[in-house]
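This report goes through one structure part by part. Please look over the sequence and the model before reading on.

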Amino acid sequence: MLNKLSETIYYLSNQDDRERPTLGLVCGDQFSLVIDAGNSTQHAQEFLHEIEKLNLPPIKYLVVTHAHRDHILGMNEFGAITIVNRQTNELLKEWQSYKFDDQSLQQYVHTHQISAKCMEIIQAEIPNRDSFQLNAPQIIFDNTLTIDLGNKVCIIEKITSTHTNDSTIVYIPDEKVVFLGDAAYGTTTNSLFHFKQASLLPMIEDIQKYDANMFLLGHESICDTVEMTIYWEELTTANQAVTSTSLENAIACFKGENQRDPNDNELFFLKAFVNDRILQSQ
Ligand SMILES: [Zn+2]
C-alpha cells in the first residue's frame with residue numbers, strides 16, 4: 001500500500017522477502033517525480049496502480065538512486081524521463097546489454113553476475129522476458145540537478161556513500177524530506193559485508209548538510225531525525241574503534257573508549273569495518 005508522508009510526498013514500503021526497495025513519489029502542481037524504479041516490471045506496475053487511484057499530476061521524471069538491480073528493473077514501465085548521475089549511467093550500460101531469457105539468466109547466475117534469488121524474481125515478475133531490454137536514461141548529471149515540479153523543488157545530488165560510488169539522493173527542501181536510496185548502507189565485496197571506512201565521515205557530512213527531519217531509506221522505509229542520529233552515532237563510534245583487521249582488538253578498543261560493551265548494531269558495524277580493513281589489506 002502507498003503511504004502518504006505529506007500532501008505531496010508518498011512512498012511504497014520496502015518488502016525484504018521479495019527484495020523490493022522503498023519507492024518514492026513527489027508531486028508538484030504540474031508534474032510528479034518517482035524515486036527508484038523497483039526490482040521488476042511487476043513491482044513498478046503495482047506502484048503505478050496505487051498511484052493511479054490518487055488522481056495526481058502526471059509522472060514526468062524518474063530518478064534512479066544507483067545502478068543496483070532492485071532499483072532499476074522497473075524503469076521501462078514509467079514512461080518517464082529517467083535521471084541518473086554519470087556513474088550510474090555507465091553501470092546501467094551493462095544492464096542494457098543483458099538478455100533476460102532463461103538460458104542467459106542461468107549463465108549470469110553461473111558467472112555470479114546475478115544471484116539465484118534475483119533470477120527467480122526476474123523469472124516471476126518480468127513478463128515477455130525474451131524480448132525485454134532495459135531502456136537508457138535520458139538525463140545524465142554530474143553533481144547536482146534541480147527540478148521544479150510546479151511549486152515543488154527537488155534537489156537531486158550525487159553524494160559520497162559507503163554503499164556504492166554512484167549514489168544519488170533526492171532532497172525536497174520545503175518538506176524537509178530526503179530520499180537516501182541505499183546510500184547509508186554497507187556493501188558486499190568478495191562475500192564480505194563491509195562499510196567503506198574512507199567514505200563514512202564524508203558521507204555523513206554530505207547527508208547532514210540537508211536540513212531534513214524525515215529520511216527515506218531503500219530497505220527501511222522511513223527514519224526520523226532521532227533514529228538517523230542514533231544510526232550515525234553507532235556507525236561513527238564503531239568506526240573509531242577499528243584500526244586493524246582484528247575484531248578482538250576492535251571490541252577491546254570499543255570497550256576502552258566507551259566504558260561499555262557494544263550493542264548488537266555496534267557489533268555488526270565493528271565486524272563490517274574490520275571486513276573493510278581485511279579487503280583493503282588484500
Ligand atoms: Zn543498493
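## Ile156 and its surroundings

Ile156 touches Val63, Ile83, Phe141, Thr144, Leu145, Ile147, Thr168 and Val170, leaving aside residues up to four places away in sequence. Touching, or contact, here requires that the C-beta atoms of two residues, placed from the backbone, lie within 7 Å. Ile156 belongs to strand β9 (residues 153-158). Helices (H or I, at least four residues) and strands (E, at least two) are DSSP runs, numbered from the N terminus.

Ile156 is buried, as 24 other C-beta atoms lie within 10 Å. A residue is called buried if 20 or more other C-beta atoms lie within 10 Å of its own, exposed if 12 or fewer, and partly exposed in between, with C-beta atoms placed from the backbone. His66 is 90 residues away from Ile156 along the chain, and their C-alpha atoms are separated by 12 Å.

## Basis of the model

The model is predicted: local features need pLDDT of at least 70, side-chain atom pairs count only at pLDDT 80 or more, and totals for chains, interfaces and linings use all residues. Residue numbers start from 1 along each chain as its sequence is written.

## The nonpolar core

Val63, one of the contacts of Ile156, also touches Leu33, Ile35, Ile83, Thr168 and Val170, again not counting residues up to four places away in sequence. The largest nonpolar core has 64 residues, and those with the most contacts inside it are Leu33, Leu62, Val63, Leu180 and Leu270. Such a core is a set of buried Ala, Val, Leu, Ile, Met, Phe, Trp, Tyr and Cys residues joined through C-beta atoms within 7 Å. Helix α9 (residues 264-281) gives the most to this core, with 5 residues.

Strand β10 (residues 168-172) pairs with β11 in the antiparallel sense over 3 bridges; two strands pair if DSSP finds at least two bridges between them. Val170 has Phe179 in β11 as its bridge partner. The hairpin of β10 and β11 has 4 residues between the strands, and Lys176 there takes a positive phi near 55 degrees.

In β11, 5 of its 5 residues are buried. Val177, Phe179 and Gly181 point one way from the strand, while Val178 and Leu180 point the other way. β11 (residues 177-181) also pairs with β14 (residues 214-217), in the parallel sense over 4 bridges. Phe179 is bridged to Leu216, and Gly181 to Leu217. β14 in turn pairs with β15 (residues 221-224) in the antiparallel sense over 4 bridges, and Leu216 stands opposite Ile222. β14 and β15 form a hairpin with 3 residues between them.

## The sheet of 7 strands

An open sheet of 7 strands runs in the order β1-β2-β3-β4-β5-β6-β7, with mixed pairing. Its edge strands, β1 (2-4) and β7 (139-141), each pair on one side only. Strand β6 (residues 81-85) runs parallel to β7, joined by 3 bridges. Asn85 has Phe141 in β7 as its bridge partner.

## Helix α1

Within helix α1 (residues 41-52), Thr41, His43, Ala44, Phe47 and Ile51 are buried. Seen down the axis, the buried residues fall within an arc of 165 degrees, so they line one face of the helix; the arc is that of the directions from the helix axis to the C-beta atoms. His49 and Glu52, on the other side, are exposed. The cover over the buried residues of α1 includes β1, β2 (9-12), β3 (23-27) and α5 (116-125).

Conventions
The expected span of a helix is 1.5 Å times one less than its number of residues.
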